[in-house]
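Hi,

Here is the structure I promised to pass on. Please open it first, then read my notes below.

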Amino acid sequence: MTATARKSDQATTPKTPAASEKSATVVMMVQPPARKLNIRHAATAVCRNVLPPLVVLIVLLAIWQIACSGAGATLPPPSQVWIDSYDLIAHPFFDFGPQDIGLAWRVLISLQRVAIGFGLAAVVGVFLGALVGQSVWAMRGLDPIFQILRTVPPLAWLPLSLAAFQNSNPSAIFVIFITSIWPVIINTAVGVRNIPDDYRNIARVLRLNQLEFFIRIMVPAAAPYIFTGLRIGIGLSWLAIVAAEMLTGGVGIGFFIWDAWNSSRLTDIIVALAYIGVTGFVLDKLVGLLGSIVTRGTARN
């Protein structure tokens, strides 16, 4: 018995290192490989996204230069815009007084009004849209009124807002609010009506109250529709503030365009239009990026 046990010990003893080596080998295999930056892939992505609009922009500038370089041209060519409005292009943040500031400061002043008006429209629009989408009676009573009011042009509200507020700044904010709220309401209502019945049944099982249902179920489920309305609303807000500032005055980008027109500075107007377009593009992308982050889970479903 002793010899047999000794042989058994000798037979089993060499297996332990082999098992540990095998285990060590498995541990080494599960380690994730180090990530390397694929420069070629990054360069390809940059070329795919940057080169096409850059080429189109160069072509359009060339066509503009050729078309407006003749003797009877009524608009200045790009080269003339660069020469006459170089200070506005190269120094957007200069500040020489209350009415003599760079275009970047004027855009920021306009963005402050947009932030207030659009922020109010986003909050009120989501709540009203949730009410219309959740309640059949609210939809029957409010939806026809919303459909009528949303067709009123933004500047048609300006005389009433000036008469009500007796001040240009809150009047411009009201025009932004009343212009941008309608797409938020409509898209939110559509999103709430499209919430699956399974979500509502879960809310009943969990006995959620109206506030908990709104925060935990309604807003996340309708988030893709809500952000679609917000993207439309932010674009309308930027359009409305430029038009409102042309009539209300101040130091915003809209009033700058009107003042440049009265002074026959066409090149300054063209530069301001470029600022307006780039700013609107950035606003739309920011809201879209925020929407893609918030709706990452719901958008896939």
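Buried residues make up 32% of the 301 residues in this protein. Please keep in mind that the model is predicted.

Start with the overall fold. The protein has 14 helices and zero strands. Along the sequence, the pattern is therefore α-α-α-α-α-α-α-α-α-α-α-α-α-α.

Next, the contacts. Take those with a separation of 6 or more: residues 24 or more positions apart account for 67% of them.

Then the surface. The protein exposes about 19,200 Å². Carbon and sulfur atoms supply 68% of that area.

Which residues form a nonpolar patch on the surface? They are V46, V50, L51, L54, V55, V56, L57, I58, V59, L60, L61 and I63. Together they have about 1,000 Å² of accessible area.

Look at one of them, L61. It sits in helix α3, which covers residues 39-67. L61 counts as partly exposed because its relative accessibility is 35%, and partly exposed lies between under 20% for buried and over 50% for exposed.

Now go to L273. Its place is helix α13, residues 266-294. Is L273 buried, partly exposed or exposed? L273 has a relative accessible area of 48%, so it is partly exposed.

How far apart in space are L273 and G254, C-alpha to C-alpha? The distance is 9.6 Å. In sequence, L273 and G254 are 19 residues apart.

Best wishes

Key: Residues are numbered from 1 along each chain as its sequence is written. This is a predicted model: local features need pLDDT of at least 70, side-chain atom pairs count only at pLDDT 80 or more; totals for chains, interfaces and linings use all residues. Side-chain values use heavy atoms; hydrogens and water are left out. Patches are made of residues with over 30% relative accessible area and no salt bridge: like charges are joined within 9 Å, nonpolar side chains (Val, Leu, Ile, Met, Phe, Trp, Tyr) within 5 Å. Accessible areas come from the Shrake-Rupley method with a 1.4 Å probe; for residues, only the protein chains shown count as cover. A salt bridge is a side-chain nitrogen of Lys or Arg within 4 Å of a carboxyl oxygen of Asp or Glu. Helices (H or I, at least four residues) and strands (E, at least two) are DSSP runs, numbered from the N terminus. Buried means under 20% relative accessible area, exposed over 50%, partly exposed in between (1.4 Å probe, protein chains only). Contact means heavy atoms within 4.5 Å.
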